[in-house]
Amino acid sequence: MFFFDTNYLLLVLIPTMIISGLAQLWLSSAFQKWGNTRNSLDLTGAAVGERIKQSAGLTAVRFEGVEGRLSDHFDPAGNIVRMSQDVATKPSVAAMAIVAHELGHAQQYQEKSPLIAVRSFLVPAMRFSPTVAYGLIVAGFLFNATGLISLGILFFGVVVLFMLLTLPVEFDASRRGMKLLEQAGVMTTDDDSSGSRQVLTAAAMTYVAAFISSLLTLLYYISILQRRN
């Protein structure tokens, strides 16, 4: 229903498409460049991961493969870093950066980072908050009930809070990842260092874009509630 609102198109949909598109373009460009640049020790992402595990005391972490491109992630439930084919099997600068970032997440959980604890607390709510929020807001319009719209906005606020907390978590994982690469002795040239930083910065920008998009949506929901009042 919001697609018929000019304010939604101009203030949310179009800006979101532009911001998200630029962030994805930046990430794809960085991965394309550094994914085809060999790291100085000619180590695959899996090999870099094993070296980091030993040097950082993360030996309990396991590695598994996962389908897809740039689908790498850390699964705290199983203490598993899942690596895509391009990361696990290629000796690229991008591969070493990405696996180091995911092991940075593993280190956060191992050290019980407060930010991780708060973010993890919100994960169950994130599974239903977006759907419930939209349903309540639509119901509020259909039944002319501002109370339902307000409740929907509160639920969507959980989404925005989760996205906001994700930013320091992701930036910290990248900071840790760079440090883990240095400690493991696998980042030995300027290309290793600058390339890894570029890849991780580009990846972080996708989370910034997601937060901005969710914030714009929240502000739009608040604006329509104010207009009705």
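A: One term first: two strands pair if DSSP finds at least two bridges between them. Bear in mind that this is a predicted model.

Q: Fine. How many bridges join E1 to E3?
A: Four, and the two strands run parallel. E3 covers residues 80-83. One of the pairs is arginine 62 with isoleucine 80, the latter in E3.

Q: What's the strand order in the sheet?
A: E1-E3-E2. The sheet is open, has three strands and shows mixed pairing.

Q: Which strands stand at the edges?
A: E1 (62-65) and E2 (73-75). Each has a single partner strand, so one side of each lacks a neighbour in the sheet.

Q: By how much are neighbouring strands turned against each other?
A: By 30° on average, direction ignored.

Q: Now helices. Where does H2 lie?
A: Across E1 and E3. H2 spans residues 45-56 and runs at about 165° to E1.

Q: And which strands does H4 touch?
A: E1, E2 and E3. H4 is residues 93-110, packs on the sheet, and its direction makes about 30° with that of E2.

Q: How do the axes of H2 and H4 cross?
A: At roughly 35°, coming within 9 Å. The crossing is right-handed.

Q: Which residues make that contact?
A: From H2: Gly45, Val48, Gly49, Ile52, Lys53 and Ala56. From H4: Ala95, Met96, Val99, Ala100, Leu103 and Gln110.

Q: What's the split by class?
A: Eight nonpolar, three polar and one charged, for the contact of H2 with H4.

Key: Residues numbered from 1 in each chain as written. Predicted model: local features only at pLDDT ≥ 70, side-chain atom pairs only at ≥ 80, totals over all residues. Heavy atoms only, no water. Axes fitted to C-alpha atoms, helices over the stretch in contact; angles between N-to-C directions. Contact = heavy atoms within 4.5 Å. Left-handed = near helix turned anticlockwise from the far one by under 90°. Nonpolar A, V, L, I, M, F, W, Y, C, P; charged D, E, K, R; others polar.
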